[in-house]
Amino acid sequence: MGASKTTGRSLQHEAWIALRKNKVAMVSGFLIIFVCAVALLAPWISPYPFDEQYLDQVLAGPSERHWFGTDSLGRDMLSRLIYGARISMAVGVITAFVSLIIGTAYGALAGWFGGWTDSALMRIIDILDSIPSIILLILVKLVFEAADIIGNPELKALTSMLLALSLVSWVSLARVVRGQVLQVKQMSYVEAARSMGASQLRMVAQHILPNILGPVIVLLTFQIPSNILAESFLSFLGLGLQPPYSSWGVLANDGWRSMSSYPHLMITPGVAIFVAMLAFNLLGDGLRDAFDPQMRGRA
Amino acid sequence: MIGRLWGTGTALLVASIILLSFFNYEIPTPLVYLTALAFFGGAGVFIFTRGLTIYVIKRCLGAVFVMWVIATLTFVLLRTLPGGPFDSEKALPPEILENLAKKYKLNEPLINQYGDYMYNLLQGDLGQSYKYINRGITSIIAESLPNSIQLGVYALIISYMIGIPMGILAGWKRGSWVDFSSMMVAMSGQSLPSFLIAPIFIMVFAKQLGWLEPALWEGPTYYIIPMVVLGIRPAAVIARLTRASVLEVIHSDYIRTARAKGLDQKTVLFKHVLRNSLIPVLSLSGPLAAAILTGSFVIEQIFAIPGIAKHLVLSVTNRDYPLILGTTLLFSLILVVANLVTDLLIAIVDPRVKMG
């Protein structure tokens, strides 16, 4: 390690340099970009519409016409997989983003003000943490769907899924942000800003938040795959999205029923989830090592 | 010395109960009482002598408070939901709806319903199911909980049995191919959704080899696939954490001292590294319990295991609100107790931890 010669290299820049050297993480990063591109471009690159039935091709195995075969209603698996990527990735990314906003605001509030505010806010988190997340997910979905705000059933299922996952996943982020803020608050540069007469908002926005970015980015990278998995869990249990909507969890649930005779229906979405999860987890590992100077050169 | 004797004895008692249950033998009641006595008595003595009494009482009161908040919130949420459980079926005549509402006391003011519910809850009565006519929630839970607990405990044990040796080996031989390959396996295990592993296991061990049963929950050959599938993710997490913890300990000063004293590798590993690096792993038990709880939903569904999670999923589809409420409380209670026990175990194992 030692002191670097160049001055003014930010923590983020240092981390980026460390990350670029990590081949596994870089490959995972490109894989994620690829999956995101596929998801975004779904209407243009998928060979068939995701809900179009080809009744002469029901439950066909992989062929030239249908690379990954067709399902029990004769729908093209590749197209369903591509559209599934769209929903699964959207669920992962959007919920991570929402939980980033809620979690950062909440955690920063608790950590910055401390004292009475902190204990009250943390007590709420303790309670939320005591309910198993899958039950919290189910409850939020149940309440939202019974409240009947959105008429369209498909849109309702998707919105309630996004809402439930966002409401559940901000908690761990808030914990981390709070811990980090408590640490950074003690730093002399914050003290310096305070003595220069900086406003509270300015101190938090300019000095605290940029310095806790590392752990937050790392946690977000781990949160995206766990949200994707949670979505597929719920859809697999029949409590999430429903066909003809296509997400990887819906496909897995579909495929599971005919596993022994038509394994391709199960394996295709399963492998897609596995690869995406692996890529996110490996990238998250790489990011953690990159942001943590102590870990450099150890593993 | 006495502490260690007690620890070993209690562990043996617990292990014997788990083994008996695994092989479907009747568990003798005196054994259960003896184990409970040894566990709680020993823990009580420990808590008292270490001056942890006030901390434990505080934590228990905190747990009761959390459970009360959860019970209240869930109750209010579920009772004030628009649309009732009896909507979904064909439109019922108003007289029948009236009778149903009367039977389940849905016409009374919410505060009275709440009072009733809390009063019954304190006596262990969780109310009547909307779906299963004339069945109490408590009896439904009593019937299915043992299966879920069995599944969860077996999965936890198998995950520790796989994860800890893997992590120690990887950390001890860091940088070697052993390290690399076991971490690759752990990473894959963490990324594999259980509904992908389960069919593969069923195909191989039940269909092809015919050694094990593909579904249901009736004996050792039925238990193995579900418990392994459920244990894989936690095992991967344990392995990775153990490795990180071993690396941390290896770099500490007291290990350097131990090596400088000229102790051989085996002594350093077993006497110093192991004991200190397993404490963070132990503190993972609470979150692991939560993970296993979550995982059990999919596992019980796939293997048609008559457990609580399956009831919860069904009750959501059926809108059986009392059953949702009861299972939610039960799962939260399990999690709260798991976290409490984890913290206490840490306090017992690690004298460095000071509890306020």
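Predicted model: local features only at pLDDT ≥ 70, side-chain atom pairs only at ≥ 80, totals over all residues.
Residues are numbered from 1 along each chain as its sequence is written, chains are lettered from A and ligands numbered from 1 in the order in which they are written, and side-chain values use heavy atoms, with hydrogens and water left out.

**Where A and B meet**

- On the chain B side, 47 residues are in contact with 39 residues of chain A, contact being heavy atoms within 4.5 Å.
- About 3800 Å² is buried between chain B and chain A, and carbon and sulfur atoms give 82% of that; buried area is the accessible area (1.4 Å probe) that two parts lose on being put together, summed over both.
- B:Met187, B:Ser191 and B:Phe195 supply 16% of what chain B buries against chain A, more than any other three residues.

- The rule finds 1 salt bridge across the interface of chain B and chain A, a salt bridge being a side-chain nitrogen of Lys or Arg within 4 Å of a carboxyl oxygen of Asp or Glu.
- A:Asp285 forms a salt bridge with B:Arg240, with the closest N and O atoms 2.9 Å apart.
- Several helices of chain B each supply at least two residues of the side that touches chain A, including H3 (53–80), H9 (220–250) and H14 (321–349); helices are DSSP runs (H or I, at least four residues), numbered from the N terminus.
- H14(B) gives the most to that side, with 8 residues.

**A closer look at B:Thr342**

- B:Thr342 lies in helix H14 of chain B.
- B:Thr342 counts as buried because its relative accessibility is 7%, and buried means under 20% relative accessible area (1.4 Å probe, protein chains only).
- The B:Thr342 side chain reaches the backbone oxygen of B:Ala338 at 2.6 Å.
- Not counting residues up to four places away in sequence, B:Thr342 touches B:Leu282, B:Ser283, B:Ser285 and B:Gly286.

**Nonpolar cores**

- The largest nonpolar core has 123 residues, and A:Trp248, B:Phe195, B:Phe297, B:Ile302 and B:Phe303 touch the most other members; such a core is a set of buried Ala, Val, Leu, Ile, Met, Phe, Trp, Tyr and Cys residues joined through side-chain atoms within 4.5 Å.
- Helix H12 of chain A (residues 264–291) gives the most to this core, with 11 residues.
- A second, separate core of 17 residues includes B:Trp172, B:Val246, B:Leu269 and B:Leu274.

Notes. Buried < 20%, exposed > 50% of the residue type's maximum accessible area, 1.4 Å probe, protein only. Polar contact = N/O pair within 3.5 Å; in protein donor to acceptor, adjacent residues only side chain to side chain.
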